[in-house]
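Student: Let's go through some terms and test each one against its cut-off.

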Amino acid sequence: MTDETVGDEELEVEARPKGGMSGKKLVLFFILPLLLILIAGAGAYFTGMLDSLLGKEEVAEEEVVEEVIPAHGPAAFYDVPELLVNLNSSGNKKHFLKITISLELESQTDIPGIEAVMPRIVDNFQVYLRELRIEDLSGSAGIQRLREELLLRVNAAAAPIKVKDVLFQEMLVQ
């Protein structure tokens, strides 16, 4: 504050910086409106209101229905004989796996070829299943790994016949 003397009276005059705005005015007149514009723009963009302004065209999605036509006729299924194996266990208690499997083939014409190599398929399955531990079969991830391994082994044993899938009909772990 500056003291000035005018006659016999003293006047107090406050010194204010010239130019510039106070912090409240800056927030009220510039930052707040800018923030509101940014929020409104982001909301319009994410809700799709600006798509026509930005030149984005709506692509009409056509529903594509594919007709599955098997190359050699309808799929065929072949039942593998029931397998009963003891699982690999580290303790005194023995665990057994009883499993019944069906093979999904590409066509009926593949069945005689599968029957011809069935002893090899059963042998490959037996060797693999005997090495499994009970922990390997727990959960859906364990069952999916088992399916994938058996599919690899049956396709290796039955080549050139292609087995499309291994289907579990029954699985009992004891």
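Student: Which residues does Ile114 touch, not counting residues up to four places away in sequence?

Tutor: Tyr78, Leu103, Leu105, Ile121, Ala158, Ile161 and Val163. Contact means heavy atoms within 4.5 Å. This is a predicted model: local features need pLDDT of at least 70, side-chain atom pairs need 80 or more, and totals for chains, interfaces and linings use all residues. Residues are numbered from 1 along each chain as its sequence is written, and side-chain values use heavy atoms, without hydrogens or water.

Student: Why is Asp136 called partly exposed?

Tutor: Its relative accessible area is 23%. Buried means under 20%, exposed over 50%, and partly exposed lies in between (1.4 Å probe, protein chains only). So Asp136, at 23%, is partly exposed.

Student: Where is Asp136 placed?

Tutor: In the loop between helix 4 (118–130) and helix 5 (139–158). Helices are DSSP runs (H or I, at least four residues) and strands are E runs of at least two, numbered from the N terminus.

Student: Which residues have the most contacts inside the largest nonpolar core?

Tutor: Leu103, Ile114, Ile121, Phe125 and Leu129, in a core of 30 residues. Such a core is a set of buried Ala, Val, Leu, Ile, Met, Phe, Trp, Tyr and Cys residues joined through side-chain atoms within 4.5 Å. Helix 4 gives the most to this core, with six residues.
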